[in-house]
Amino acid sequence: MYKTVLALGIVSLTASPGCGSNGSDIAGKAIVTIKGETLTLDTGNDGRRVVNEDDDWGTFCGVDNGAQRVLLMHPSRYARFEWIRVSAIPDDINVYARLDGDEYDAVCHVTHTITSEEPYEADFSVEPCGLKRVFDDAPARLESAFFHVTSCEDDGPGG
C-alpha cells in the first residue's frame, strides 16, 4: 500500500513535462535494461548537454528531508523511459523511474557531490542496481545514471 501511495505521489509531481519543474539546469544520462531491452534517457551529447524546462524537459532539483534530489523527465510523453528521480538518501528508496508506463524504485548507492555553493552546482551518480516495479516487483536494472546540476533551488541542509 505504501509503495502504491508513494508511486501516485511521484506520478502527480511528474505528470507532464514542465509540471513539477523548477527550472533547474541539468545535464545527464541514465540507462536501464528492462525485458532484455536497453532504454536510455539522455539530455544529448552523451549526457553533457544542459537542459531545463525551456527545452521542454521536465527538470527539478531541490532538498527533500535534508537530502538533495534531482528529477529529469523526457520531453516526449511517448518515451518508453519517461523520467528518473534520484535522491541522495542512503539506505532508503532513493531511485524512482517510469519505464514502459510503470513506476519502478530501488535502494541504490548514490554519490552526491556539491561542486559549487554559489551558484549551486552538484554531481549525482548512481551505481548499477536492480529496480522493482512498484505494484508487483517485476525486475528492471539501472545500468548507470549520472547528472550534473548547474542550477538548483537549494534550501540548504534540512530543507
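These legends go with close-up views of a predicted model.

**View 1. Strand S4, tucked in from end to end.** Strand S4 covers residues 67-73, and seven of its seven residues are buried, so the rest of the structure largely encloses it. In a regular strand, side chains alternate between the two faces of the sheet. Here both faces are covered: Ala67, Arg69, Leu71 and Met73 are buried on one side, and Gln68, Val70 and Leu72 are buried on the other.

**View 2. S4 alongside S5.** Strand S5 takes in residues 81-87 and runs antiparallel to S4, with five bridges joining the two. For a handy landmark, look for Met73, which sits opposite Trp83 of S5.

**View 3. A buried salt bridge, Arg133 with Asp102.** The side chains of Arg133 and Asp102 pair up at 3.3 Å, N to O. Arg133 belongs to strand S10 (residues 129-133) and Asp102 to strand S7 (residues 102-106), so this contact ties together parts that are 31 residues apart in sequence. Both partners are buried.

**View 4. Glu143 and Arg141.** These two form a salt bridge, with the closest N and O atoms 3.6 Å apart. Glu143 is partly exposed at 31% relative accessible area, and Arg141 is also partly exposed, at 37%.

View 5. Arg48 makes a salt bridge with Asp46, where the closest N and O atoms are 4.0 Å apart. Arg48 counts as exposed, at 55% relative accessibility, while Asp46 comes out as partly exposed at 39%. Across the whole structure, a search turns up 10 salt bridges.

How values were computed: Residues are numbered from 1 along each chain as its sequence is written. This is a predicted model: local features need pLDDT of at least 70, side-chain atom pairs count only at pLDDT 80 or more; totals for chains, interfaces and linings use all residues. Side-chain values use heavy atoms; hydrogens and water are left out. Buried means under 20% relative accessible area, exposed over 50%, partly exposed in between (1.4 Å probe, protein chains only). Helices (H or I, at least four residues) and strands (E, at least two) are DSSP runs, numbered from the N terminus. Two strands pair if DSSP finds at least two bridges between them.
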